Amino acid sequence: MTDNATFKHEDVELQLPVVKASNGNDGYNISQLLSKTGNVTLDPGFVNTASCESTITFIDGNEGILRYRGYPIEQLAEKSTFLEVAHLLIHGELPTQDVLDTFKYDVSNRMMLDERMRELYRCFPRGAHPMQVLSAGLSALGSFNRRTLDVHDPEQVNEASLRLIGSMPTLAAYAYKSSVGEPFQYPQKNLSYVENYLRLSFGTPQEDYEIDPAVVNAFETLFILHADHEQNCSTSTVRMVGSSDATMYASMSAGVNALSGPLHGGANQAVLEMLVKLREEGVDMKTYVAQVKDKKSGVKLMGFGHRVYKNHDPRATIIKGHADKLLRASGKSNDLLDMALELEEVALNDEYFISRKLYPNVDFYTGLIYEAMGFPANYFTALFTLGRLPGWIAQWREDHADPTRKISRPRQIYVGETERDYVPMDKR
Ligand code: ACO
């Protein structure tokens, strides 16, 4: 590709510098467009728009490739741990043993919350959605860590990053505990990050939680698979909120709210609810797929389709393998898994899904695993959040380190009324 693309409209001609990618799509830099032409671009849903240059995550949606800092997701999922991946995302390189040990120690030292945070969590009604509780918790965390709020001080940014990662398992577990009305537990320094999270969620003062290494391993993998996914809706939200110099806590809390929607992270809850409803109503998979294809029904096949992946979602492939192993452990049967497998097969062989390149995404099988582990459906997206936090932090920090950074402020094309005079009430 040449170094410039030529844009021509009426008597204006403009050279658009081509921004070279190390992998994937190059881009046209249109930053001079408005000042030189007086016009803006329109791109609903940002389908064609890159909001930044990034070195964190690479996706090739046509080939089903996902890499963090260049490392294939398959290798990280098999060989790494969640905190190692968190370090990789935030600091750019795999840590040495010493650096990793220090990182784990620093995170573990920040797992306990200010005691008053427990009071805050007690205020939520039973049945409050855990994503609402989590977003409030992250916002409140900033008020308890006021010496970590200066977004221009690298030490404070570092401290806020550790504080957020350390507090997240406790905040997420407390969101669960408050939704089921059980007493909160305290984190323990002798346990790993994931072990602590599970014990905080399922331990009670009456009976300690017996940690199952298979469940710990599954969560290490699941959290790694969710840890980053370039400029998706919640990550873009985090970067956008951060662009106003709002605190890291405020930015992460905004990310939680963006992730909660059923078209994004909330899809894992929606998938399980869809399968349970189909089971209850005895709807067979072919009938359901026919309903989904009928646009008038307003029904979508949840856990299917992706803005970027048009071949397969590599995370879904790995998770499907884990779901099969975990849910069929010791020869058990699982009717929801059988239904999901059948639904996937019917959809993948249907012309509607083939022509639109719709495949199972990360959320299609995760809910089945979470349900088998004892979590209620409305909690699943909080588990996604736990995994995604290091990616948000890495993206926020990358945005702040960018010398060309500006507050995010899109333009619009106004298509409303032109100027008109105020009409008095008795004349309307
Ligand atoms: N079920 C039925 N039809 C679908 C689905 C689906 N799950 N997904 C896309 N389509 C159809 C659309 O109706 C559209 O059809 P058309 O060309 O006849 O109008 C076509 O496929 C293209 O879909 P878009 O909605 O234009 O794709 P977009 O990139 O905007 O949306 C999204 C992607 C939001 C993920 C969409 O596929 C969807 O809603 N999926 C279900 C929800 C879901 O699983 N979300 C989780 C995504 S992964 C994540 O965020 C972690």
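**Notebook: strands, ligand, cavity**

For my own record, strands are DSSP runs of E of at least two residues, helices are runs of H or I of at least four, and both are numbered from the N terminus. Two strands pair if DSSP finds at least two bridges between them.

Before going on, I noted that this is a predicted model, where local features need pLDDT of at least 70, side-chain atom pairs count only at pLDDT 80 or more, and totals for chains, interfaces and linings use all residues. Residues are numbered from 1 along each chain as its sequence is written, and side-chain values use heavy atoms, with hydrogens and water left out.

**Back to the strands.** I looked up N4 and found P17 as its bridge partner in β2. β1 and β2 make a hairpin with 2 residues between them. In that turn, E10 has a positive phi of about 50 degrees. I then followed β2 onward: it pairs with strand β3 (residues 27-28), antiparallel, over 2 bridges. There I saw V19 opposite G27 of β3.

**The ligand.** Which residues are the closest to the ligand? I got K295, K300, L301, R307 and Y352, out of 21 residues that surround the ligand (near means a heavy atom within 4 Å). I sorted this shell into 11 nonpolar, 5 polar and 5 charged residues. My classes: Ala, Val, Leu, Ile, Met, Phe, Trp, Tyr, Cys and Pro are nonpolar, Asp, Glu, Lys and Arg are charged, and the others, Gly among them, are polar.

Next I checked polar contacts, here pairs of N or O atoms within 3.5 Å. The side chain of K295 has an N or O atom 2.5 Å from a ligand oxygen. For H264, the side-chain figure is 2.8 Å, again to an oxygen of the ligand. N361 puts a polar side-chain atom 2.9 Å from a ligand oxygen. Taken alone, the ligand exposes 920 Å², and the protein buries 73% of that (Shrake-Rupley areas, 1.4 Å probe).

**The cavity.** I searched for cavities (sets of points on a 1 Å grid over the protein atoms alone where a 1.4 Å probe fits but cannot get out; lining residues have an atom within 4 Å of a point). How many reach 30 Å³ or more? I counted 1 cavity. I listed its lining residues, including D150, Q156 and W396. Helix α7 (residues 154-180) gives the largest share, 3 residues. The lining splits into 6 nonpolar, 3 polar and 1 charged.

Key. A polar contact is a pair of N or O atoms within 3.5 Å; within protein, one must be able to donate a hydrogen and the other to accept it, and residues adjacent in sequence count only if both atoms are side-chain atoms. On a 1 Å grid over the protein atoms alone, a cavity is a set of points where a 1.4 Å probe fits but cannot get out, and a pocket is an open set with protein on both sides within 12 Å along at least five of seven lines; lining residues have an atom within 4 Å of a point. Grid points are joined across faces, edges and corners, and a volume is the space filled by probe spheres set on the points.
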